[in-house]
Every structure is written in C-alpha cells, then in structure tokens.
Amino acid sequence: MDFSLNASTSDEWLQAVLKDFDQFLLDHASAERKASAMAVSFVVQYPDRFALHVPMIRIAREELLHYQKVLKLIHKRKLIWERDSKDPYIAGLQKHMSTDRERRLLDRLVLGSVVEARGVERFALIAGALKGSLADFYQRLSDSESRHARVFLELAKPYFSNDEIASCLSHWLDLEATVMISVPPRAALH
Ligand SMILES: [Fe+2]
Ligand SMILES: [Fe+2]
C-alpha cells in the first residue's frame with residue numbers, strides 16, 4: 001500500500017472480537033463473500049473497462065478462497081449463521097458514493113482500496129493477539145488484503161489522472177476514519 005489510514009482501530013474493537021470470536025468468524029465469512037461479489041460486480045458494471053476484468057476476477061477468486069477457509073473454521077466449531085445483518089461501516093461509506101457513472105468508478109476503486117487497507121490493519125491486530133495456526137492464518141489474510149489494496153488503486157490509473165486519484169484518496173481516507181470511529185466496537189470485521 002502507498003498510503004496510511006487516517007485513524008487507528010481501537011483496542012476496544014480487538015477486545016470485542018476476542019471476547020466473541022465465534023461471532024466474529026461468522027461476520028468475517030460474510031465479509032469475504034461480499035468482497036468476492038463486489039469484485040465481480042466491477043466486471044459486470046464496466047464491460048468496456050477491459051483493464052479491470054482479469055485483475056478483478058483474480059481478486060474475486062482470492063476472496064472466495066478466503067471465504068472457503070473461514071467456512072472451514074466455522075464448520076470445525078459447528079457454528080450456524082443467521083441471515084446477514086447490514087454492515088454499518090460499508091453502508092455508512094456507500095451513501096457518500098457519487099451517482100455520476102465515471103466518478104462512481106473512481107470512488108468505488110479508491111474506496112475499495114481504503115476498505116482493504118482497513119482489513120490489512122484489523123487482520124494484523126487479530127494475528128498479533130492470537131497464537132499458532134490461527135495467528136498465521138490472519139497474518140496471511142492481512143498480507144493478501146494488502147495486495148488487494150494496491151491493485152484497486154493501480155486499476156484507477158488507466159482511467160483517471162494522478163491528481164484525480166490523489167484527491168479522491170484523501171477524501172475517502174477522511175470519510176473512512178469518521179465512519180470507522182462512529183461504529184461501536186463489536187465482534188465483527190467492521
Ligand atoms: Fe479477503
Ligand atoms: Fe481483499
């Protein structure tokens with residue numbers, strides 16, 4: 001990644017996750033599944049932006065693999081999920097997205113990168129708090145999301161100027177920090 005987030009995750013969040021790790025796993029699985037679907041949606045919604053297609057399909061496959069791996073942990077613990085609840089962090093961010101098709105593409109790519117960066121930070125926090133194979137698993141996830149954060153930003157380059165990308169990034173970094181802080185700590189990725 002070539003940028004840092006504007007605010008750090010609180011220790012209260014990490015404590016909430018560690019206190020109810022089963023619940024966290026259920027939410028985490030759902031976040032990976034949604035990330036995969038989101039990457040595919042770039043291909044569907046921008047059929048004329050060829051440069052996006054192969055990298056987005058690659059990300060979608062990786063996110064689906066993350067989903068599969070978290071599901072394995074869920075099965076091992078015999079956890080049963082209920083219907084997904086809305087992710088207040090993602091919903092809080094999405095409502096700021098432009099309705100202009102061109103600008104929305106830039107918003108989606110840059111926000112995608114910033115959300116991945118939050119994943120990098122939070123998975124690393126979890127890895128640092130756990131031991132053994134689970135710690136290794138979350139560290140590998142953190143590394144993989146770091147690659148995604150970079151790819152999302154790179155994919156804006158064929159279509160937008162460096163200045164446009166930089167100012168959009170600074171705008172979303174501000175918003176993301178505000179929204180992240182506004183969501184009460186809970187046993188969920190966001
Ligand atoms: Fe992922
Ligand atoms: Fe990712």
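A crossing of two helices is left-handed if the near helix is turned anticlockwise from the far one by less than a right angle, and right-handed if clockwise. Helices (H or I, at least four residues) are DSSP runs, numbered from the N terminus. This is a predicted model, in which local features need pLDDT of at least 70, side-chain atom pairs count only at pLDDT 80 or more, and totals for chains, interfaces and linings use all residues. Residues are numbered from 1 along each chain as its sequence is written, and chains are lettered from A and ligands numbered from 1 in the order in which they are written.

**View 1. Helix α5 against helix α7.** α5 (residues 101-129) passes α7 (residues 162-182) in a right-handed crossing. Their axes are 9 Å apart and meet at an angle of about 50°. Axes here are lines fitted to C-alpha atoms, for helices over the stretch in contact, and angles run from 0 to 180 degrees between N-to-C directions. The pair is therefore oblique. Angles under 35 degrees count as roughly parallel, over 145 as roughly antiparallel, 65 to 115 as roughly perpendicular and the rest as oblique. From α5, the contact takes in Leu106, Asp107, Val110, Leu111, Val114 and Arg118. From α7 come Glu164, Ile165, Cys168, Leu169, Trp172, Leu173, Glu176 and Met180. Two residues are in contact if their C-beta atoms, placed from the backbone, lie within 7 Å. By class, this contact has 10 nonpolar, no polar and four charged residues. Ala, Val, Leu, Ile, Met, Phe, Trp, Tyr, Cys and Pro count as nonpolar, Asp, Glu, Lys and Arg as charged, and the others, Gly among them, as polar.

**View 2. Helix α5 beside helix α6.** The two axes come within 8 Å and cross at roughly 165°. That makes α5 roughly antiparallel to α6. The crossing is left-handed. Its contact residues divide into 17 nonpolar, seven polar and two charged.

**View 3. Helix α6 and what covers it.** α6 has 25 residues (132-156), which should span 36 Å at 1.5 Å a residue. The expected span is 1.5 Å times one less than the number of residues. The end C-alpha atoms of α6 are 38 Å apart, which agrees. Buried residues of α6 include Tyr138, Leu141, Glu145, His148 and Phe152. A residue is buried if 20 or more other C-beta atoms lie within 10 Å of its own, exposed if 12 or fewer, and partly exposed in between. The cover over the buried residues includes α3 (50-76), α5 and α7. Gln139 also lies in α6. Gln139 is partly exposed, with 16 other C-beta atoms within 10 Å. Leaving aside neighbours within four places in sequence, Gln139 touches Ala124 and Ala127.

**View 4. Helix α3 along helix α6.** The axes of α3 and α6 come within 11 Å and cross at roughly 160°. The two helices are therefore roughly antiparallel. This crossing is left-handed. Ala51, Leu52, Pro55, Ile59, Glu62 and His66 of α3 meet Leu141, Ser144, His148, Val151 and Leu155 of α6. The contact divides into seven nonpolar, three polar and one charged.

**View 5. Leu52 in helix α3.** Leu52 lies in α3 and counts as buried, with 22 C-beta neighbours inside 10 Å. Beyond neighbours within four places in sequence, Leu52 is in contact with Phe42, Val43, Tyr46 and Leu155. Leu52 and Pro158 are 106 residues apart in sequence, yet 9.4 Å apart in space, C-alpha to C-alpha.

**View 6. Lys78 in a loop.** Lys78 sits in the loop between α3 and α4 (88-94). Its phi is near 55°, a positive value in a residue other than glycine. Lys78 counts as exposed, with 7 C-beta neighbours inside 10 Å.
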